[in-house]
Amino acid sequence: MNTETQSNTTRATYKKASDPYITWLIAKRQMLEAIRDKSTLMMSGMFLIVQTVLVLISIGPALQDHTAVGLQRAGFLMAFYLLFVGLMPATPAIGIASGVFAGDKERGCLTPLLVTPASNTAIMAGKVLGAVLPALAYAVIGILVYFAEIVLLYGLDKLALLPVGLSLLIVLLIPGIVLFGTALASVISSRVRTFQAAQNFSSLILVVLWIGLFGLLFLQTMLGLWAFAIAVLGVYLVAILFIVLSAITWRREEVMARQ
């Protein structure tokens, strides 16, 4: 009798985990898979080598012009490369995101996640977050190495040439762009049947993102920092809205039925 009462009490006190906690668990698993991926590590290392070469052949000659206009141009070039070195190591995140659903489908390990009480939003956000966080870690490493290269090769005073406002906005833009790109790749991955199809769409995403980035830099040149700041905020809002709307419209029952 006491045993039955205790068992009923235990069942009655069961409480479903919160969406943020479930999101973190999904993201943690996804991050571990991304970190173990040797191809991602190799690509990130290659990007560090490429950026070192670019610093030597581009920024060095630009710093030779000691006029006010020349130094201003050198500062803008350094800001542009700040965006470049921050995004290049994060580029593999889109490739990772393209496989978070389609790849799991092919391996047969998506269905066990779909039958859990986790909400669509928690699953979608966890998958995106798991692809974004490792990419941002690589981006931070790339930026720190970039600053260290400038200091070691040309002196600490050269960092003062970076436009402060523009540089801060660029640093804020990098996570937003990575978030938007991985969110888009994850949504495509959840809608297609094969990993190869998701990868094909991901290559198009990269082209669109780089075109958009050049458009944002042109916007800053034409309209000023305030327009660029609004655009940066817009990138975050669109990415978050895209994840939420995609989670709402995602029909996981259809995915389970096809497994």
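**Rings and buried helix residues**

Modeller: To start with a single residue in this predicted model, A139 lies in helix α8, which covers residues 120-154.

Biologist: Is A139 buried or exposed?

Modeller: A139 has a relative accessibility of 3%, and because buried means under 20%, A139 counts as buried.

Biologist: And what does A139 touch, apart from residues up to four places away in sequence?

Modeller: Setting those residues aside, A139 touches G86, P89 and I174.

Biologist: How far apart are A139 and S44, in sequence and in space?

Modeller: A139 and S44 are separated by 95 residues in sequence, while in space the C-alpha to C-alpha distance between them is 9.0 Å.

Biologist: Switching to rings, how many aromatic pairs are there?

Modeller: The count comes to 3 aromatic pairs, taking ring centres within 6.5 Å as the rule. One of them joins F80 and Y81, whose ring centres are 5.8 Å apart and whose planes stand at 65 degrees, so this pair is edge-to-face, given that the term applies over 60 degrees.

Biologist: What about Y81 and F84, how are those rings arranged?

Modeller: Y81 and F84 also form an edge-to-face aromatic pair, with 6.2 Å from centre to centre and 90 degrees between the planes.

Biologist: Why give both a distance and an angle?

Modeller: Both are given because a pair of aromatic rings is described by the distance of the centres together with the angle of the planes.

Biologist: Where do Y81 and F84 lie?

Modeller: Both lie in helix α4, residues 68-87, and they are 3 residues apart, which is about one turn of the helix.

Biologist: Last one, S246: where is it found, and what is it in contact with?

Modeller: S246 is found in helix α11, residues 225-249, and it counts as buried at 5% relative accessibility. Leaving out its neighbours within four places in sequence, S246 is in contact with M124, V187 and R191.

Definitions and conventions. Residues are numbered from 1 along each chain as its sequence is written. This is a predicted model: local features need pLDDT of at least 70, side-chain atom pairs count only at pLDDT 80 or more; totals for chains, interfaces and linings use all residues. Side-chain values use heavy atoms; hydrogens and water are left out. Rings of Phe, Tyr and Trp (its six-membered ring) pair if their centres lie within 6.5 Å; planes under 30 degrees apart count as stacked, over 60 as edge-to-face and the rest as tilted. Helices (H or I, at least four residues) and strands (E, at least two) are DSSP runs, numbered from the N terminus. Buried means under 20% relative accessible area, exposed over 50%, partly exposed in between (1.4 Å probe, protein chains only). Contact means heavy atoms within 4.5 Å.
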